[in-house]
Amino acid sequence: QVQLVESGGGLVQAGGSLRLSCAASAGNVRLADMGWFRQTPGKQRELVARITGNLNTHYSDSVKGRFTISRDNAKNTAYLQMSSLKPEDTAVYFCHVVAWLKGEFWGQGTQVTVSS
């Protein structure tokens, strides 16, 4: 089983930065895509950023240029560097991974709140 633990969320002022971490306890499981989604009450969960096993990245239009996703395969950890944060970035951010031959897994989420 793959377990994901997100950290780094919190309260930040508009224009500030946060870095989210997603540590995957995957053992010998090979991780393919890793990504971040976010969700606010009453809204569908949306993809924020994704990084593939081949290190290709893509971002939602709303965060492109402000957020950067990266991964450290030695640590089985994905990161989301968030800069120039806006109040509309406020959400619960969920880590998501695709594990080779095992499927998809979700973290429990970490709250990001951006105040104006």
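Tutor: We take the pocket, then the strand. This is a predicted model: local features need pLDDT of at least 70, side-chain atom pairs count only at pLDDT 80 or more, and totals for chains, interfaces and linings use all residues. Residues are numbered from 1 along each chain as its sequence is written, and side-chain values use heavy atoms, without hydrogens and water.

Student: What volume does the largest pocket have?

Tutor: Rolling a probe the size of a water molecule over the atoms shows where empty space is left. Here the largest pocket has a volume of about 170 Å³. (A pocket is an open set of points on a 1 Å grid over the protein atoms alone, where a 1.4 Å probe fits, with protein on both sides within 12 Å along at least five of seven lines; lining residues have an atom within 4 Å of a point.)

Student: Which element gives the most to the lining of the largest pocket?

Tutor: β4, with three residues. Arg30, Asp72 and Trp100 are among the lining residues. The lining divides into four nonpolar, five polar and three charged residues.

Student: Which residues form the covered face of strand β11?

Tutor: In a regular strand the side chains alternate between the two faces of the sheet. In β11 (residues 110–115), Thr110, Val112 and Val114 make the covered face. Gln111, Thr113 and Ser115 make the uncovered one.

Student: In which sense does β2 pair with β11, parallel or antiparallel?

Tutor: Two strands pair if DSSP finds at least two bridges between them. β2 (residues 10–13) and β11 are parallel, over four bridges. Leu11 stands opposite Thr113. β9 (residues 91–99) pairs with β11 in the antiparallel sense over three bridges, and Ala91 stands opposite Val112.

Methods:
Grid points are joined across faces, edges and corners, and a volume is the space filled by probe spheres set on the points. Helices (H or I, at least four residues) and strands (E, at least two) are DSSP runs, numbered from the N terminus. Ala, Val, Leu, Ile, Met, Phe, Trp, Tyr, Cys and Pro count as nonpolar, Asp, Glu, Lys and Arg as charged, and the others, Gly among them, as polar. Buried means under 20% relative accessible area, exposed over 50%, partly exposed in between (1.4 Å probe, protein chains only).
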